[in-house]
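Please look over the sequence and model shown here before reading the notes.

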Amino acid sequence: MEPDEPGTSAVATEIMPLAFPKGKEKYCELCQREAYLQCAKCQVTFYCNADHQQADWVGVHERICQMLVSIRSMKDIYDPAVRKRNQLRKICKLVAQSKLSEGKHEEALPAAHCCLQTSIDLYGPNTIQLVPAYILLAEANMGLGNLAVVAELLSQAEWAVLKNPELGASVQQQLHRSLGHYHTSVGNLEIALHHFSNDIYFACEEYGLDSSATTKGYFLIADVFARQGRTAIVHSLYSEVAERWHNHLNSLLETHQQHADSSVSFYEKAQRVEMEEMLRVILEFEQKQSRRDAALIALIAHNLAMLWFINGDLHKAQDFGSTALQASLQIPKHKLTEPIQELLQQVESLQTEPQPGSD
């Protein structure tokens, strides 16, 4: 069953106590307090008040409402509904990740809670499979400033990892990144550097030394050094991030040009948002320096121009392309001048093409 399409309105009804067996109290989906309302659509999800019902609806429930009927009504552990429960876990994980990428931390909480609960139902408590859900919940609470909750969630994740050292590098990378975020938030900058370094180590182990997957780790380390006022190191790390993205985006641009009529999105929204944020922060940092590095500014702006070109925003591609060209022209025979000019020509060509349906 596909998840429900978002957009329908949330409806709740009061719980009728006689409708359930004695001793089978119902608890709120979000806070686990005694429930007084139930979803009128699926009738298997319960809430302590209308605010929590609405928060869950906006966060994830509207997408999974009807899926929950068969999952929560299952009688046999070998029922096919187990497959639906795993599908539910994956959907909740993706929704939570998407909300977090958009900075919607409060809306991410219901999906992250559902991901954790479904993981517990599938794998049991205190198992290694719960770590990704702990990390999602920690990131959502971090954005809301609930640092005590974050510390507890990450402690549970660390304990699960300690008991299962064979855990894959990808999950260990995510855990160290979250731990780095937490220690940055509470001011333990040296400990944060340790965790972000491990983030890069496990990213290299999982994806390779030259992978663009390592860029966020370098970026986060640079942020810590910026907090310490170590500008020269920040500049060096930002150069590394920009070079790695440039190699990756060049390759991606070639693929895009070969399939110019394809409607396939080369980057999920979450990935694009994260990349754009990193590059924008780096560009602003470099432009504010008293001694500007024209070559680095050209590189970063060219990255942003390629990114927006690939994602179809020609106006932004032109703006960043113009910034890149202005910087590159300050350096005689700079290697990026020609590629930047070619990109701007492609943007101009697409902007002057007649639109479908126009006379």
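Predicted model: local features only at pLDDT ≥ 70, side-chain atom pairs only at ≥ 80, totals over all residues.

Of the 359 residues in the chain, 45% are buried. Where contacts join residues at least 6 apart in sequence, 59% of them link residues at least 24 apart.

**Packing of α1 and α4**

- Helix α1, covering residues 50-64, and helix α4, covering residues 105-123, have axes that come within 6 Å and cross at roughly 50°, and the two helices are therefore oblique to each other.
- The crossing in which α1 passes α4 is right-handed.
- On the α1 side the residues that meet α4 are Ala 55, Asp 56, Val 58, Gly 59, Val 60 and Ile 64, and on the α4 side their counterparts are Glu 107, Pro 110, Ala 111 and Cys 114.
- Sorted by class, this contact of α1 with α4 comprises seven nonpolar residues, one polar residue and two charged residues.

**Packing of α5 and α6**

- Helix α5 spans residues 131-143, and it packs with helix α6, residues 147-163, at an angle of about 160° with the axes 9 Å apart.
- Because an angle over 145 degrees counts as roughly antiparallel, α5 is roughly antiparallel to α6.
- The crossing of α5 and α6 is left-handed.
- From α5 the contact draws on Val 131, Tyr 134, Leu 137, Ala 138, Asn 141 and Met 142, while α6 contributes Val 149, Val 150, Leu 153, Leu 154, Gln 156, Ala 157, Ala 160 and Val 161.
- By class, the contact of α5 with α6 has twelve nonpolar and two polar residues, with no charged residues.

**Buried residues in helices and their contacts**

- Met 142, which lies in helix α5, has a relative accessibility of 13% and so counts as buried.
- Leaving aside residues up to four places away in sequence, Met 142 touches Val 150, Ser 178, His 181, Tyr 182 and Ser 185; for one of these, His 181, the C-alpha atom is separated from that of Met 142 by 8.2 Å, although the two residues are 39 residues apart along the chain.
- Gln 173 is placed in helix α7, residues 169-185, and with a relative accessibility of 7% this glutamine counts as buried.
- The contacts of Gln 173, not counting residues up to four places away in sequence, are with Asp 199, Phe 202, Ala 203, Tyr 207 and Ala 213.
- Leu 193 belongs to helix α8, residues 189-207, and is buried, with a relative accessible area of 11%.
- Leu 193 touches Ile 221, Val 224, Phe 225 and Gln 228 when residues up to four places away in sequence are not counted, and its C-alpha is 10.0 Å from that of Leu 179, which is 14 residues apart from Leu 193 in sequence.

**Cysteines**

- The structure holds zero disulfides.

- As background, most residues other than glycine have a negative phi.
- Gln 43 has a positive phi of about 60° although it is not a glycine; this residue is found in the loop between β2 (37-39) and β3 (46-47), where it counts as partly exposed at 47% relative accessibility.
- Asn 126, likewise not a glycine, has a positive phi of about 60°; its place is in the loop between α4 and α5, and it is exposed, with a relative accessible area of 54%.

Notes
Residues numbered from 1 in each chain as written. Heavy atoms only, no water. Axes fitted to C-alpha atoms, helices over the stretch in contact; angles between N-to-C directions. Helix = DSSP H or I, 4+ residues; strand = E, 2+ residues; numbered from the N terminus. Parallel < 35°, antiparallel > 145°, perpendicular 65-115°, else oblique. Left-handed = near helix turned anticlockwise from the far one by under 90°. Contact = heavy atoms within 4.5 Å. Nonpolar A, V, L, I, M, F, W, Y, C, P; charged D, E, K, R; others polar. Buried < 20%, exposed > 50% of the residue type's maximum accessible area, 1.4 Å probe, protein only. Disulfide = S-S within 2.5 Å.
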